[in-house]
Amino acid sequence: MEFASQLAGRGSNLVLVARRADRLESLAEKLRSEYGISVTTVAIDLSQPAPGEILLSQLVDREITVTSVINNAGFGMWGKFLESDPNRLRTMMALNVTAVMDISRAFLPLLQLRGGGYLINITSLAAYSSIPMQGAYSATKAFVLSFTEALWAETRGSGVRVLAFAPGVTTTEFFDVLQVDDSAASAGRAQSPKQVVDTALSILDRRDPPPSWVSGHLNHLIAVLPRYLTRRRAVLLTGRTTMRNITTAQSEAIPARSEKIRQALGLDLTSSGRQHVIDITTTGAKSGRPRRIEIWFHHYDGRWFLSGTPGPKSWYANLLKNPDFTFHLKHGIHADLPATARPIVEAEERRAIFARMVEVYNLPKNPARVPQPVRVEDLLTGSPLVEISFASI
Ligand SMILES: NC(=O)c1ccc[n+]([C@@H]2O[C@H](COP(=O)([O-])OP(=O)(O)OC[C@H]3O[C@@H](n4cnc5c(N)ncnc54)[C@H](OP(=O)(O)O)[C@@H]3O)[C@@H](O)[C@H]2O)c1
């Protein structure tokens, strides 16, 4: 967001890319009205295969010429590697590593053809050390650092500025996604997004920018420290710090976070339409690929459900084939919860659940924005209905 705002302030037209279309569009609207620039939004999941080609073809279809690229999307994971969710590890690799490489591969030739612009790949202070409890994440960022520095050298003289930019702890939603409390993790050295983006753009404005840069003086020192230690000593020292931070963060953050998740899942008749909105990632029944869509969920008496208007639904077909899916909370808190779906096909059980659902659909404030009244009979035949079990909440 901060990159977008500062570049808009410099008069650049923008293409904003992320998964949540609603958030992209509201940021785009704000930037258009504040800065009078043109903003295009592309809501896609960059962890899917070939994100560079997909993005490029969407922009070509819309006749948009890209003059610079910032690969910013990424997320972290922490905790013991052997206790980490393998699916999430794969998604992190796909987003933090493959997407950065793929988008660079797709767009850099265009920038070179124009002989200008820049490619910023966001790495991290974590790239400069091997970090126990964040081993896979720090390795993804080490890839970005090494890959981008090499690109910097390969593209010298082409007119394109290539930069690996490494923020340290920064106060963003990163820590919601990471599931750790940033106050504990940062130990007082967090930077604001403004400080980070100010630094990145000022480095890029130099006549001959370096291949990489670490944001913040203290972070700089932390990044160079391992060079003066043996690798054994460096990893043990880093491990002592992260394990202490994480243990503190774990004890403080997890109860607070679990409580927020419980609140977000605890819908009742006073909940707004937005509170019902989540994303789910199912596995494509035919393709076997992850399929992420936005959908409503329902909650009655400690049980959770997904449903929809009558008719075939691909998400339902996917869940019939493979009931395991990810339930993405995105209101109040961001959380990716592993879940399993049980299709509800028995008429009496369906009737009882749809009776509760229509109560919500028919509320005077019409949170679902559907033509009212909705009757149980409208849903009974042909509406998909599944009960959700969460692996842990
Ligand atoms: N914050 C820190 O302390 C810190 C420190 C060092 C490095 N970094 C790096 O800085 C970068 C930005 O992180 P941040 O702190 O700004 O985190 P953030 O607030 O969580 O933002 C991440 C952004 O990436 C988008 N995104 C996430 N998954 C995506 C996917 N699969 N496809 C498309 N877009 C996706 C998110 O939007 P949607 O959820 O709508 O898709 C969001 O706009 C990351 O690469 C991170 O590793 C952050």
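I take two strands as paired if DSSP finds at least two bridges between them, and I take helices (H or I, at least four residues) and strands (E, at least two) as DSSP runs numbered from the N terminus.

The model is a predicted one, in which local features need pLDDT of at least 70 and side-chain atom pairs count only at pLDDT 80 or more, while totals for chains, interfaces and linings use all residues. Residues are numbered from 1 along each chain as its sequence is written.

**Entry: strand pairing.** I looked up E12 (residues 385-390) and found that it pairs with strand E9 (residues 303-307) in the antiparallel sense over four bridges, with Phe305 having Glu387 in E12 as its bridge partner. Strand E11 (residues 335-343) also runs antiparallel to E12, joined to it by five bridges, and there I noted Pro343 opposite Val386.

**Entry: domains.** The domain assignment, whose bounds come from an automatic or database source, gives domain 1 (44-248) and domain 2 (273-390) for the protein chain. I find the two centres, taken over C-alpha atoms, separated by 36 Å. The contact between them takes seven residues from domain 1 and seven residues from domain 2, where two residues are in contact if their C-beta atoms, placed from the backbone, lie within 7 Å. On the side of domain 1 that touches domain 2, I count five charged residues, one polar and one nonpolar; here Ala, Val, Leu, Ile, Met, Phe, Trp, Tyr, Cys and Pro count as nonpolar, Asp, Glu, Lys and Arg as charged, and the others, Gly among them, as polar.

**Entry: ligand shell.** Around the ligand I listed 22 residues, of which Arg19, Arg20, Gly74, Thr172 and Phe174 come nearest; a residue is near if its C-beta atom, placed from the backbone, lies within 6 Å of the molecule. By class, this shell has ten nonpolar, seven polar and five charged residues.

**Entry: nonpolar cores.** I use the term for a set of buried Ala, Val, Leu, Ile, Met, Phe, Trp, Tyr and Cys residues joined through C-beta atoms within 7 Å, a residue being buried if 20 or more other C-beta atoms lie within 10 Å of its own, exposed if 12 or fewer, and partly exposed in between. The largest core has 43 residues, and Ile103, Phe107, Leu119, Ile120, Phe165 and Ala166 touch the most other members. Among the elements that give two or more residues to this core are helix H4 (86-114), strand E4 (118-122) and strand E5 (161-166), and H4 supplies the largest share, nine residues. I followed Leu119 and found it, leaving aside neighbours within four places in sequence, in contact with Val69, Ser104, Leu108, Leu111, Val160 and Val162. Another core, of 16 residues, lies apart from the largest one and includes Ile278, Ile280, Ala341 and Leu385.

**Entry: Val42.** I placed Val42 in strand E2 (residues 39-43), where it counts as partly exposed because it has 17 C-beta neighbours inside 10 Å. Not counting residues up to four places away in sequence, Val42 touches Val15, Val17, Leu55 and Gln58.

**Entry: backbone exceptions.** Most residues other than glycine have a negative phi, and most peptide bonds are trans. Against that background I noted that the peptide bond from Gln372 to Pro373 is cis, with omega near 0°, and that Pro373 sits in the loop between helix H13 (347-361) and helix H14 (376-380). Asn366, found in the loop between H13 and H14, has a positive phi of about 45° although it is not a glycine. Ala50, in the loop between E2 and H3, has a positive phi near 55°.
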